[in-house]
Amino acid sequence: MNPNEYFFAESHEWIKIEGETGTVGISDFAQKQLGDVVYIELPEVGAVYDFHQSFGVVESVKAVSDIYSPVAGEVVEVNSGLNDSPELLNEDPQNKGWIMKIKVKDESELQKLMSALDYEKYLESQED
Amino acid sequence: MIIKYFKRSSTMKKTHLFECQQSLGGKMIEFFGWNMPVEFKGIIDEHMAVRKKAGLFDVSHMGEISVKGPESLQFLQYLTPNDVSRLFPIKAQYTALTTEKGTFVDDLLIYCLGENDYLLVVNAANTEKDYEWILSHKGEFKVWIENESDRYTQMALQGPKALDILQPLTELRLDEMKMFGASWGSIAGEKVLISRTGYTGEDGFEIYTHSLKPERIYNLIMKSGKPYNILPIGLGARDTLRLEATLLLYGNDIDDATTVLEAGLGWLVKFKKGDFLGSKALLKQKEKGIKKKIVGFEISGRGIARSHYPVFIRGEKLSEVTSGTYSPYLKKSIGLTYLPIEFTEVGTEISIEVRGKFLQAKIIPLPFYKREKN
């Protein structure tokens with residue numbers, strides 16, 4: 001398993017695996033669609049989520065969006081810096097704007113997700 | 001997150017400035033049948049540009065209905081609560097089309113363009129409805145009513161630098177134009193109606209033209225505004241700006257279930273001018289006292305209250321948020337709601353249900369934002 005590989009969900013979240021845990025955030029495409037993020041409702045450390053279960057909410061000026069967990073697992077860390085600087089989600093969504101770290105329950109679930117290249121193709125196919 | 005994919009529909013109407021808006025990077029959405037930009041650079045940047053420098057809006061989706069004829073003054077006096085006789089060419093007033101109950105069919109501007117010649121500028125969402133309403137109340141009045149919306153392109157240049165940006169483009173003396181005043185003039189050889197009006201709470205101008213190439217005017221304004229860092233502005237910032245300035249939105253804050261008095265717009269009801277549609281109901285309500293009133297609130301802390309979120313006081317649901325947003329200039333979440341009159345005092349604590357949790361808020365004075373007069 002390449003530790004620096006990003007996997008993407010159809011709902012525009014990404015996960016980057018590092019050992020047993022994965023770092024989760026939203027894609028650059030997602031932050032562009034949202035517009036200026038002003039608030040985020042972060043999950044609690046210790047909370048347990050299923051694949052595609054909503055683990056938080058991102059609020060931009062114009063919209064509210066649920067964010068869905070790309071894997072089942074337990075939250076081990078959250079990026080609480082986003083509370084004071086929600087704009088990080090717009091500025092650097094796939095790195096500094098990470099949202100949570102989750103202990104992956106079942107690594108085989110990653111097969112439900114797309115590689116970065118497949119995600120690009122997926123985005124292109126959605127523009128009609 | 002789920003992103004609703006925007007399906008390009010050929011049935012959506014486009015303004016004459018559509019290509020121009022798209023080429024500037026406008027993120028196009030559907031707005032009441034119109035293909036309009038919700039944002040360009042970003043709602044917060046656009047909002048702050050209007051508050052600090054200037055922004056240019058395409059507002060051609062608004063409706064224009066002309067009322068002309070020897071009895072147009074009497075007709076409009078009958079249809080609206082404000083005193084139309086105070087208008088002269090060319091001056092506008094903010095008013096409403098009211099029902100018999102004194103509630104809103106729409107809010108609008110009426111321009112007096114000349115003797116027996118009026119132009120009503122109405123909300124995009126209500127253009128057809130308003131036109132039908134006006135027609136259906138014509139009765140024996142000697143008036144001609146026409147829906148001229150398709151012929152007009154309307155732009156709004158708003159912000160403290162609006163005058164500096166527009167003045168070099170026209171022979172009109174803009175510094176002599178009073179608020180709600182207007183004048184026919186020209187920009188780049190095109191005939192335009194320029195009025196000192198707007199929907200942002202800043203100084204600014206609205207520009208109306210029949211030109212078939214209005215992008216020439218639009219581009220000239222953008223060019224003139226470049227040294228001031230002018231931005232093109234979308235519907236997203238239009239909404240945050242108007243809400244900060246506490247300018248009401250039909251459908252959210254006012255509709256056919258709210259009276260003009262409940263909406264805090266009693267100042268535009270001129271009972272002395274004589275009877276009008278709804279005057280009896282409004283007079284009765286004024287004498288008895290209104291039972292509910294619109295109030296503004298701010299959220300203490302994080303979170304945004306949006307339209308339809310329930311409003312509670314001491315555990316009892318009393319109303320819903322009519323409009324709410326994060327205010328980029330004030331850097332807090334604000335909103336409007338109607339409350340029973342006994343709960344409308346400034347300082348009253350309320351709570352708003354957001355996704356099962358309660359945000360604490362309190363009633364604050366309106367308007368949320370008022371520009372400094374210089």
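This is a predicted model: local features need pLDDT of at least 70, side-chain atom pairs count only at pLDDT 80 or more; totals for chains, interfaces and linings use all residues.
Contact here means heavy atoms within 4.5 Å.

1. Helix packing. Helix H2 (residues 43-52) of chain B packs against helix H7 (residues 235-244) of chain B at an angle of about 50°, and their axes are 8 Å apart. Because of that angle, H2(B) counts as oblique to H7(B). The crossing of H2(B) past H7(B) is right-handed.

2. Residues at the crossing. On the H2(B) side, the residues in contact are B:Ile43, B:Glu46, B:His47, B:Val50 and B:Arg51. Their partners in H7(B) are B:Gly236, B:Ala237, B:Thr240, B:Leu241 and B:Glu244. Sorted by class, the contact of H2(B) with H7(B) comprises 4 nonpolar, 3 polar and 3 charged residues.

3. Cavity count and volume. How many cavities of 30 Å³ or more does the structure hold? There is 1. The space in the largest cavity comes to about 40 Å³.

4. Cavity lining. Which residues line the largest cavity? They are B:Gln21, B:Met36, B:Pro37, B:Phe57, B:Asp58, B:Val59, B:Ile233, B:Gly234, B:Leu235 and B:Arg238. At least two lining residues come from each of strand S2 (34-39), strand S3 (55-58) and H7 of chain B. By class, the lining has 6 nonpolar, 2 polar and 2 charged residues.

5. Cis peptide bonds. Most peptide bonds are trans. The bond from B:Pro89 to B:Ile90 is cis, with omega near -15°. B:Ile90 sits in the loop between helix H3 (72-79) and strand S5 (91-98) of chain B. The bond from B:Leu366 to B:Pro367 is also cis, with omega near 0°. B:Pro367 belongs to the segment after strand S19 (357-364) of chain B.

6. Backbone phi. Most residues other than glycine have a negative phi. B:Thr246 is not a glycine, yet its phi is positive, at about 55°. Where is B:Thr246 found? B:Thr246 lies in the loop between H7 and helix H8 (279-288) of chain B.

How values were computed
Residues are numbered from 1 along each chain as its sequence is written. Chains are lettered from A and ligands numbered from 1 in the order in which they are written. Side-chain values use heavy atoms; hydrogens and water are left out. Axes are lines fitted to C-alpha atoms, for helices over the stretch in contact, and angles run from 0 to 180 degrees between N-to-C directions. Helices (H or I, at least four residues) and strands (E, at least two) are DSSP runs, numbered from the N terminus. Angles under 35 degrees count as roughly parallel, over 145 as roughly antiparallel, 65 to 115 as roughly perpendicular and the rest as oblique. A crossing is left-handed if the near helix is turned anticlockwise from the far one by less than a right angle, and right-handed if clockwise. Ala, Val, Leu, Ile, Met, Phe, Trp, Tyr, Cys and Pro count as nonpolar, Asp, Glu, Lys and Arg as charged, and the others, Gly among them, as polar. On a 1 Å grid over the protein atoms alone, a cavity is a set of points where a 1.4 Å probe fits but cannot get out, and a pocket is an open set with protein on both sides within 12 Å along at least five of seven lines; lining residues have an atom within 4 Å of a point. Grid points are joined across faces, edges and corners, and a volume is the space filled by probe spheres set on the points.
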